[in-house]
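Good morning, and thank you for making time for this presentation.

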Amino acid sequence: MSSPPIDTTAGDNLRWQQRSLASVWHPCTQMRRAALAPPLPIARGEGPWLFDYEGRRYFDTSSSWWVNLFGHADARINAALKDQLDRLPHVMLAGCTHAPAVELAERLSALTGGALGHCFFASDGASAVEIALKMSFHHWRNVGRGAKREFVCLRQGYHGETLGALAVTDVAVFRDAYDPLLMRTHQVMSPDARQAMHGETASDVAARAAAELEALLASRHDHIAALIIEPLVQGAAGMAMHHPAYLRAVHALCERYEVHLIADEIAVGCGRTGSFFAFEQAVAPGQAALWPDFICLSKGISGGNLPLSLVLTRDAVYDAFLDDDAARGFLHSHSYTGNALACRAALAVLDRFDEDAVLSNNGLRAAELTAALAPLRDDTRIEHFRQRGMIWAFDVREAYAGARFAERFHLAGRAHELLIRPIGRSVYLVPPYVLDEPLSQWLAQRLIATLDSVLNTSTDDADRAPAPPLA
Ligand SMILES: Cc1ncc(COP(=O)(O)O)c(C=O)c1O
């Protein structure tokens, strides 16, 4: 289907929408449907707000897919970027090095107490996952255990959409079409606490999930290279949250069966769950830390300014690649690896964590928004209200949701100054770390108003109705 001709007399918003639909193939979008729910044209951003071309504002409830940690166009990060731009935007990292990459690797290593002291850079989250999978397999090969070439992942897990990352992903809508192209992997039970059966606690569900993993590792560990998980929150599953006991359990199992543990913290890292790395919550504060073998980071690390991802790993992995033979090294190469601008943005993000006591401040801000959302806890139209750190979610009961719930909610959100995209029937907030009490009150009130307007609307015409005008 080709696009309709562009109406040159239309307003600015409409013209950008039309030109976009004519030439841009949007991600995560059924383009036929996009004509009915056209992309929101955004002219500029400021803090948590996005502004369209006609000056209307929208609160960015997902921090633009978890990347804009401190909102849009943050002055301090921008200043660092402008400084770096005049010095060195980029130089290849093979055969060269530069201060932003070195300092970033050092500071991230320090955040793991030196446990994960080796940092490999890439650009997007899926690439970081590819790197961790390749490194794990190659490590075992280099130490003479090449039979360890299988990967274990969790049901409902999501790790990105390149072929390797998709092979360890279990979200049907993204995966199914490509299944014939994907390597075979083992999928084990998700510890998603929503699965609790009568009388079960979240930690019972975690124990059940760990037991299923143990059964697999006990029989197959000689062939398994690594387990990959999203610690604490499976994002694309609709913010499926689990008990931290699961992290302790899988850490112990991976150690016992000599299987690498890959923590995909692409979404949940950078303070999102309350600690800088989600995996820190495997133990109670004050106890000796437990670290996985690999941590993948991306999204928020560069504050939503430039694409950056990285994989942190420990000495034991790194050392297995040291050899005179180039082929035993980790030769994975990517043109923009360690991009100086992106690394500099990440350093500015880490500075903000230090200068503004972001983690403790977020604790206070999270309590305020949780309190403001309290009416939802008793709302019989929803279930599984949940929160961890700076992530909130609830599920609209099937009986109330109606057809195309996520799309209708998204469009209604626009009318309430919210940019919000539910996943199926799961509505979630992953706001930038710039909340204050009045803003939390406002956000909760608009969220509840959006919910009311969607659930009070007939869904009969949901398939045919065009998007309401931007207003
Ligand atoms: C847990 C997780 N892993 C990997 C990815 C892939 O990251 P990217 O979209 O940058 O490739 C995502 C993206 O949403 C994610 O949430």
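What you see is a predicted model. The domain assignment divides the protein into domain 1, made of 40-73 and 367-455, and domain 2, which covers 76-355. Their C-alpha centres are 27 Å apart. Across the boundary, 20 residues of domain 1 are in contact with 20 residues of domain 2.

Which elements of domain 1 give two or more residues to the side that touches domain 2? They are helix H3 (63-66) and the strands S13 (382-388), S14 (391-396) and S16 (426-429). By class, this side of domain 1 consists of 10 nonpolar, 7 polar and 3 charged residues.

S13 and S14 form a hairpin with 2 residues between them, and Gly-389, in the turn, has a positive phi of about 60°. The two strands pair in the antiparallel sense over 5 bridges, with Arg-386 standing opposite Ala-393 in S14. S14 is also joined to S16 by 4 bridges, and these strands again run antiparallel. There, Phe-394 has Val-427 in S16 as its bridge partner.

Is S14 covered or exposed? It is mostly covered, with 6 of its 6 residues buried. This holds for both faces: Ile-391, Ala-393 and Asp-395 are buried on one side, as are Trp-392, Phe-394 and Val-396 on the other.

Between S2 (residues 49-52) and S3 (residues 57-60) the pairing is antiparallel, over 3 bridges. Here Trp-49 stands opposite Phe-59 in S3.

Finally, the ligand. It is surrounded by 13 residues, and the closest are Asp-124, Gly-125, Ala-126, Gly-160 and Ala-267. The shell divides into 5 nonpolar, 5 polar and 3 charged residues.

Which helix gives the most to this shell? It is H6 (residues 125-142), with 3 residues. H6 has 18 residues and reaches 25 Å from its first C-alpha to its last, close to the 26 Å expected at 1.5 Å a residue. Because 15 of the 18 residues of H6 are buried, the helix is largely enclosed by the rest of the structure. Just after H6, Gly-144 takes a positive phi of about 85°.

Thank you; I welcome your questions.

Terms used: Residues are numbered from 1 along each chain as its sequence is written. This is a predicted model: local features need pLDDT of at least 70, side-chain atom pairs count only at pLDDT 80 or more; totals for chains, interfaces and linings use all residues. A residue is near a molecule or strand if its C-beta atom, placed from the backbone, lies within 6 Å of it. Ala, Val, Leu, Ile, Met, Phe, Trp, Tyr, Cys and Pro count as nonpolar, Asp, Glu, Lys and Arg as charged, and the others, Gly among them, as polar. Domain bounds come from an automatic or database domain assignment. Two residues are in contact if their C-beta atoms, placed from the backbone, lie within 7 Å. The expected span of a helix is 1.5 Å times one less than its number of residues. A residue is buried if 20 or more other C-beta atoms lie within 10 Å of its own, exposed if 12 or fewer, and partly exposed in between; C-beta atoms are placed from the backbone. Two strands pair if DSSP finds at least two bridges between them.
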